[in-house]
Each structure stands twice: as structure tokens, then as C-alpha cells.
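This briefing is for a reader who wants the main features of one structure in short form. Please look over the sequence and the model before reading the points.

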Amino acid sequence: MASTAPVLTAVQALDATKGGVPGTRALKRHGPTERLVFSAEELLERPRVPGIDRTVFYFHFRPARPADIVVTRDPDTGEIDFTPQTFGPLTDHPLTICLHTNRSASPHSTRNLGRVGAEAVVALPGPELVRQTWVCAVPMPRGICEGEAAELTLLPSRVVSVPGIAECPVNLECRVEFVRQQYSHNAVFLKVVGASVDEELLSMDRLDIIRRGPTYEVDDATNKWGGAVERLGTNHELLECPGFPVGPKAGPEAGAAAWIRDLQEAGHLSKAECDRVLAWLTALDELPASPSHEARQTLQQRLTRVFELAAWEEWDALHRHLSMQSEL
Ligand SMILES: Cc1cc2nc3c(=O)[nH]c(=O)nc-3n(C[C@H](O)[C@H](O)[C@H](O)COP(=O)(O)O)c2cc1C
């Protein structure tokens with residue numbers, strides 16, 4: 001259960017530190033606006049302020065990340081292990097993801113994922129599986145399958161030998177490609193070699209899907225016994241994001257030149273204006289990457305203004321800018 005102590009605003013927190021409360025030296029005013037600044041060492045301490053849950057500051061620096069239950073196999077006994085974790089996407093082509101296993105607190109998944117070639121299923125639980133996720137996080141001895149205690153059902157995989165979880169709407173079948181010791185954790189890179197998704201998701205509205213899953217580890221909070229406990233959440237909003245003309249029609253991967261051509265095609269630039277900007281882009285690309293190069297600086301300034309005016313759809317100003325620039 002989260003602390004019921006009153007939450008102070010950042011300004012009140014700053015005021016609370018004026019008396020020199022031990023462990024609160026991280027809180028300083030910085031510049032004209034009110035910002036709280038932390039050094040790397042102060043971040044480690046997770047600054048403590050009377051009346052404020054010690055996790056309140058820290059969660060800003062470790063924002064929400066997708067939660068999963070990773071199913072692995074003990075290499076010595078062949079037994080199956082379930083461990084709630086969080087994961088990060090790495091690449092799309094191929095689809096690769098990264099897990100981070102705490103070597104002391106998550107000994108079983110650390111061992112089972114600790115070698116290249118190990119197989120795993122990264123199963124994504126929906127919000128109806130919060131209790132099951134918590135049961136799987138209970139530190140049970142080696143050989144006890146947390147999934148059984150959580151009353152979850154094994155789902156046979158198609159590509160890997162490790163099963164997935166039938167109750168999870170998405171199951172990613174994976175092979176470990178790389179393991180690196182990173183301070184307290186192992187960073188484990190996995191390639192997704194197969195996947196299954198609950199058919200029900202295909203007919204659902206996109207907003208309903210994102211409200212339903214994945215679940216994210218949103219923050220952790222201090223409970224009444226002083227322990228830090230993770231808390232899950234889901235997305236609740238899709239923000240309106242600008243497409244073309246704010247960037248190329250085909251998306252950022254198409255590159256800057258494609259964007260300029262798209263702007264001409266849509267009538268925002270004339271053929272001559274388009275050619276001019278394309279010539280600047282080529283010239284910039286061909287110059288050595290030296291910050292003191294004069295021609296480079298000129299091109300950078302001109303192009304920055306082009307991108308700024310196009311990004312804010314200020315077409316008249318863009319035409320004026322392009323007509324005022326002399327030849328290089
Ligand atoms: C939502 C949630 C996310 C978690 N994320 C991680 C994680 O990313 N890495 C980790 O090592 N432990 C994580 N844990 C804690 C482990 O699940 C827990 O330490 C577990 O007992 C380890 O079991 P194992 O020894 O079978 O691997 C998480 C727990 C929860 C509830």
C-alpha cells in the first residue's frame with residue numbers, strides 16, 4: 001500500500017530542506033525557474049524529504065516501461081520459471097528487445113537467460129492479470145513454478161521449446177543473442193523469432209487496445225513497512241500528432257531530401273525553391289564535419305531556418321527566406 005503521508009509540492013519540499021534535513025542536499029534552486037537538480041550520486045540516494053514518499057522524485061528519472069512475464073527454462077533441471085520483468089524495444093528489423101535481470105534479486109531468470117542461445121517467451125499480461133503478475137514476482141525457491149501458483153496456463157510455443165502463457169494476449173518467442181553484466185543487472189538482448197496474439201485484439205478499436213495493454217511499470221511506491229513496491233498502469237490517451245507537412249510523407253526514415261520534394265509536390269515550394277534547398281543539402285553533406293568551417297555554418301543556418309519555417313507551416317516566411325539567400 002502506498003504511503004498516506006501528505007504530498008508536498010516541489011516548492012514546499014525545497015522549503016522543508018532549509019533547516020538542513022540530512023539527506024536532502026540534492027534539492028537546490030537552479031536558474032530563474034524552479035527546478036530541482038541532482039548529481040549522479042544524489043540520484044543513487046533517492047533524496048529523502050520529510051512527508052514525501054522517497055520514490056516520488058525518482059520515478060521521473062525512470063519513466064514507465066512495458067511489463068512482461070518472462071518464461072524461461074532452468075538449463076540444469078529443465079524446469080520452467082516465470083518472472084515479471086520490464087523490457088525495452090531495441091530494433092524493428094529484426095524485432096529485438098532487451099531485458100534487465102537483477103543478478104541478486106532475480107537469480108532464476110538471470111541464470112536461465114544467462115547464455116547466448118537460451119530460449120524464452122516474453123508474455124505481455126493485460127490489466128486483468130495484475131494479481132497473477134504479483135504472484136509470479138514472489139521470490140519462490142528454484143524448482144517451484146510461479147506460474148502454477150499464479151494459476152496461469154502454459155501455452156505451447158511454435159518456434160522455441162519454452163511455453164508461453166495462455167492468459168497473456170501477446171506472447172513473444174525469443175532467443176538470447178547477447179548478455180552483458182551492467183552494474184547490478186544483466187542486460188539481455190533477445191531476438192523475437194515467433195509470436196502469437198489473441199485474435200480478439202484484431203477486431204478491437206485501437207484506443208481500446210492501448211487502454212487495455214500492455215501494462216507498464218509506471219512507478220514504485222513505499223509501502224507502510226518501508227518496502228518499495230512496483231505499480232502497474234496502462235495508457236489512456238492517444239495524442240494528436242502532426243504528420244506531413246511536419247516531416248516527410250513516408251515518415252522520418254525517408255530523409256530530409258524526400259521531405260523537401262514532398263513539400264514541392266504539395267505546392268508549398270516551387271520547383272526552383274525545391275532545387276535550391278536540395279542543392280544546399282547536397283553541399284552540406286559533402287563538406288567536412290568541422291564546426292569552424294565557414295561555408296558549413298552558412299548552410300547550417302540557412303537550412304535550420306528552412307526546416308523551422310516548414311515545420312511551423314509558415315509558407316510566406318519560407319518563400320521570403322529562400323528568395324533572400326544569395327548563391328553559395
Ligand atoms: C511489474 C514488475 C516488474 C519487474 N521488473 C523486473 C525487472 O525488469 N528485472 C528484474 O530483475 N526484476 C524485476 N522484477 C522483480 C522480479 O520479478 C522478482 O525479483 C522475482 O522474484 C525474480 O524471480 P526469479 O529469481 O525467478 O528471476 C519485477 C517485478 C514486478 C512486479
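Predicted model: local features only at pLDDT ≥ 70, side-chain atom pairs only at ≥ 80, totals over all residues.

Residues are numbered from 1 along each chain as its sequence is written.

**Whole chain**

- The protein chain has 11 helices and 10 strands; helices (H or I, at least four residues) and strands (E, at least two) are DSSP runs, numbered from the N terminus.
- Of the 328 residues in the protein chain, 23% are buried. A residue is buried if 20 or more other C-beta atoms lie within 10 Å of its own, exposed if 12 or fewer, and partly exposed in between, with C-beta atoms placed from the backbone.
- Of the contacts between residues at least 6 apart in sequence, 54% join residues at least 24 apart. Contact here means that the C-beta atoms, placed from the backbone, lie within 7 Å.

**Ligand shell**

- The ligand has 21 residues around it, and Gln85, Asn102, Ser106, His108 and Ser109 come nearest.
- Two or more residues of the shell come from each of β2 (80–91), β3 (96–102), α4 (107–112), α5 (130–137) and β10 (228–233).
- Strand β2 gives the most, with five residues.
- The shell has eight nonpolar, 10 polar and three charged residues; Ala, Val, Leu, Ile, Met, Phe, Trp, Tyr, Cys and Pro count as nonpolar, Asp, Glu, Lys and Arg as charged, and the others, Gly among them, as polar.

- Gln132, Thr133 and Cys136 are buried in α5. They cover an arc of only 105° around the axis, which puts them on the same side of α5; the arc is that of the directions from the helix axis to the C-beta atoms.
- The buried residues of α5 pack against β1 (65–73), β2 and α6 (146–149).
- In α9, the buried residues are Arg276, Val277 and Trp280. Seen down the axis, they fall within an arc of 90°, so they line one face of the helix.
- Lys271, Thr282, Asp285 and Glu286 are exposed on the other side of α9.
- The cover over the buried residues of α9 includes α8 (256–265), α10 (294–311) and α11 (315–324).

- Strands β9 (residues 216–222) and β10 pair in the antiparallel sense over six bridges; two strands pair if DSSP finds at least two bridges between them.
- Thr222 has Ala228 of β10 as its bridge partner.
- Five residues lie between the strands of the hairpin, where Gly226 takes a positive phi near 85°.
- Asp220 lies in β9 and counts as partly exposed, with 17 C-beta neighbours inside 10 Å.
- Leaving out residues up to four places away in sequence, Asp220 touches Thr55, Ala228, Val229, Glu230 and Arg231.

**Backbone details**

- The peptide bond from His93 to Pro94 is cis, with omega near 0°, and Pro94 is in the loop between β2 and β3.
- Phe244 and Pro245 are also joined by a cis peptide bond, with omega about 15°; Pro245 is in the loop between β10 and α8.
- Glu151, a residue other than glycine, has a positive phi near 60° and is found in the loop between α6 and β5 (154–155).
- Tyr183 has a positive phi near 50° and lies in the loop between β7 (170–182) and β8 (185–197).

How values were computed
Near = placed C-beta within 6 Å. Contact = placed C-beta atoms within 7 Å.
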